[in-house]
Amino acid sequence: MLKKLLIVLILLPALPAWIAVQDYLVSRRGIEAVRPADKAVVLATKAYEQGRPNPCLAARVEAGAALYRAGKVKKLVMSGGINRDHRYGSRTMQALAERMGVPASAIEQEDQSSDTFENIVFSARFIENSPRVVLVSAGYHLMRSRWMAEKQWPGKDIQVFAAPFCSEPNGGYAFSLVREVAAVVKNGAKGRF
């Protein structure tokens with residue numbers, strides 16, 4: 001943990017560019033690069049933006065549904081409690097996934113979390129008997145998510161799979177990067193990876 005925190009602090013001025021490069025690299029990996037796993041944990045973001053479905057949440061769900069349809073995972077864990085828009089992310093995600101052809105029997109809901117760290121912590125019980133797991137989120141979000149998952153899910157073979165590119169409607173990609181830098185620093189300081 002201390003080593004990662006020191007790296008983050010040394011690289012702080014370059015951290016936005018580093019996250020963007022990591023996003024680019026992970027987003028280029030196609031579904032064929034994903035090894036078969038037991039479950040995919042799909043991390044939520046706001047369900048709605050200005051009263052309309054958030055396209056970034058739909059992109060994450062689509063990535064999870066694509067893994068399921070390709071036979072890469074047997075089940076999807078939709079991880080998202082009541083988020084900033086006062087909606088259950090997991091419920092919205094399940095409804096989207098069902099519309100994308102994933103049967104309800106292949107979906108589990110983690111509905112207690114309110115941030116990425118809680119997504120990881122509260123999803124742990126859903127993957128207890130799953131040695132291989134795929135984390136699904138936006139590409140820029142996967143580095144930090146994986147670091148947290150590696151600490152909270154010891155002994156798991158964790159892969160990542162990026163949703164199609166989407167930046168939050170309010171603020172764009174630059175805002176998403178700056179927000180992610182702050183989250184990396186905050187979570188590093190709290191010893192979460």
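1. Patches are built here from residues with over 30% relative accessible area and no salt bridge, with nonpolar side chains (Val, Leu, Ile, Met, Phe, Trp, Tyr) joined within 5 Å and like charges within 9 Å; the accessible areas come from the Shrake-Rupley method with a 1.4 Å probe, and for residues only the protein chains shown count as cover. Leu-6 belongs to helix H1, residues 2-10, and is partly exposed at a relative accessible area of 46%, where partly exposed lies between buried (under 20%) and exposed (over 50%).

2. The model is a predicted one, in which local features need pLDDT of at least 70 and side-chain atom pairs count only at pLDDT 80 or more, whereas totals for chains, interfaces and linings use all residues. Residues are numbered from 1 along each chain as its sequence is written, and side-chain values use heavy atoms, with hydrogens and water left out.

3. As to the overall fold, the chain has seven helices and seven strands, which follow one another along the sequence as α-α-β-β-β-α-β-α-β-α-β-α-β-α; helices (H or I, at least four residues) and strands (E, at least two) are DSSP runs numbered from the N terminus. The C-alpha trace spans about 45 × 40 × 30 Å along its principal axes. The radius of gyration of the chain is 16 Å, in agreement with the value near 16 Å that a compact globule of 193 residues would have; this radius is taken over C-alpha atoms, and the globule rule is 2.2 Å times the number of residues to the power 0.38. Of the 193 residues, 51% are buried.

4. The whole structure contains seven salt bridges, each being a side-chain nitrogen of Lys or Arg within 4 Å of a carboxyl oxygen of Asp or Glu. Asp-38, Lys-74 and Arg-132 are joined in a network of such bridges. Between Asp-38 and Lys-74 the closest N and O atoms are 3.6 Å apart; because Asp-38 lies in the loop between helix H2 (15-28) and strand E1 (39-43), and Lys-74 in the loop between helix H3 (55-69) and E4, this pair ties together parts that are 36 residues apart in sequence.

5. Asp-38 also meets Arg-132 in a salt bridge, at 3.6 Å from N to O. Arg-132 lies in strand E6 (residues 132-137) and Asp-38 in the loop between H2 and E1, so this pair ties together parts that are 94 residues apart in sequence.

6. Another salt bridge joins Glu-62 to Arg-69, with 2.6 Å between the closest N and O atoms. Glu-62 is partly exposed at 27% relative accessibility, and Arg-69 is likewise partly exposed, at 45%.

7. A patch of positive charge on the surface gathers Arg-84, Arg-179, Lys-186 and Lys-190. Lys and Arg count as positive and Asp and Glu as negative, while His and the chain ends are not counted; the place of a charge is taken as NZ of Lys, CZ of Arg, CG of Asp or CD of Glu. Arg-84 sits in the loop between strand E4 (75-79) and helix H4 (89-99), and is partly exposed at 45% relative accessibility.

Key. Buried < 20%, exposed > 50% of the residue type's maximum accessible area, 1.4 Å probe, protein only.
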